[in-house]
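Please read this report with the sequence and the 3D structure side by side. It takes up a few local features in turn.

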Amino acid sequence: MKIVILTGAGISAESGLQTFRAEDGLWEGHRVEDVATPEAFERSPRTVTRFYNARRIAAAEAQPNAAHYALARLAEDGGHEVILITQNVDDLHERAGFEGVIHMHGSLAMARCYECNVQFDAPMEMVVGDCCPGCGAPTTRPDIVWFGEMPYQMEEISDALSTADLFVSIGTSGNVYPAAGFVEFATRAGAETLELNLEPSSGVFENSRQGPATVLVPQWVEDLLA
Ligand code: OAD
């Protein structure tokens, strides 16, 4: 069976990393548009860089949880073709042992040059005005896909969704497009759809289970491998 999985901030919540849409509408004290847009970076590159430096340090200090490990076990088992797309910019899937994760919203581990677009390993603390290792211009930025920018690997993602037998969404509120539209895309392509989330999201899924990812995901993987 070909299984395409989409994960969001909810899968890393029990590793201690905060989700985006808290009740007060703030994200660690910031409005999303103050830190996650190209305009925000233009207006205040230091604030945005500091914000992502703090996220990078928090991610490095966090550990993968049972849900990350269960997905790695599913892929390692080899009985199914498993494609993992994440909206998360942490590396907890990789550190749990999943290889080849599609980071559609970029990654805290990487930096990028606004000038020549080269991608390179980000230092733990980026500094505004650091020079690009490719072209030398002082125009580096976190390699995060901000609002208004095109997510990565969309062609690969649409190929995967159009040939999936099962689409599973884990720990995402379904608020941000294009990821929020994947369930509809997969349904139209004939895939079964399943959601594993703390609460029902805005997407329409054939099956939906509510609970913490560290419980639901290992359970689902065990059932599948049994
Ligand atoms: P959200 O914060 O919008 O949603 C997290 C979802 O996880 C919610 O539906 C929660 O109910 C659920 N959740 C929380 N704790 C959970 C747990 N322990 N187990 C299972 N589910 C849990 O995060 P995303 O949907 O990932 O984009 O947000 C999508 C995008 O919006 C992010 O990638 C980011 C953000 O703005 C960019 O920065 C471009």
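Where is the place of Gln153? Gln153 sits in the loop between strand E6 (140-144) and H7, where helices (H or I, at least four residues) and strands (E, at least two) are DSSP runs numbered from the N terminus.

## Basis of the report

This is a predicted model, in which local features need pLDDT of at least 70 and side-chain atom pairs count only at pLDDT 80 or more, while totals for chains, interfaces and linings use all residues. Residues are numbered from 1 along each chain as its sequence is written, and side-chain values use heavy atoms, with hydrogens and water left out.

## Backbone features in loops

Most residues other than glycine have a negative phi, and most peptide bonds are trans. Gln153, however, has a positive phi near 55°, and it is partly exposed, with a relative accessible area of 35% (buried means under 20% relative accessible area, exposed over 50%, and partly exposed in between, with a 1.4 Å probe and protein chains only). Asn117, in the loop between strand E4 (106-113) and strand E5 (119-121), likewise has a positive phi, of about 70°, and is partly exposed at 46% relative accessibility.

The peptide bond from Tyr177 to Pro178 is cis, with omega near 10°, and Pro178 is found in the loop between E7 and H8.

## The buried side of helix H7

Within helix H7 (residues 154-162), the residues Ile157, Ala160 and Leu161 are buried. They lie on the same side of H7, because they cover an arc of only 95° around the axis, the arc being that of the directions from the helix axis to the C-beta atoms.

The buried residues of H7 pack against strands E1 (2-7), E2 (81-86), E3 (102-103) and E7 (166-170), and against helix H8 (182-188), where contact means heavy atoms within 4.5 Å.

## Surroundings of the ligand

Around the ligand there are 22 residues, of which Ala9, Phe20, Arg21, Thr172 and Ser173 come nearest; a residue counts as near if one of its heavy atoms lies within 4 Å. A polar side-chain atom of Ser173 lies 2.6 Å from an oxygen atom of the ligand, and for His105 the corresponding distance is 2.8 Å.

## Cysteines

With a disulfide taken as a pair of cysteine sulfur atoms within 2.5 Å, the count comes to 0 disulfides. Cys116 is in no disulfide, and the nearest cysteine sulfur, that of Cys132, is 3.7 Å away. The sulfur of Cys131 is 8.4 Å from the closest cysteine sulfur, in Cys132, which is too far for a bond.

Technical notes:
A polar contact is a pair of N or O atoms within 3.5 Å; within protein, one must be able to donate a hydrogen and the other to accept it, and residues adjacent in sequence count only if both atoms are side-chain atoms.
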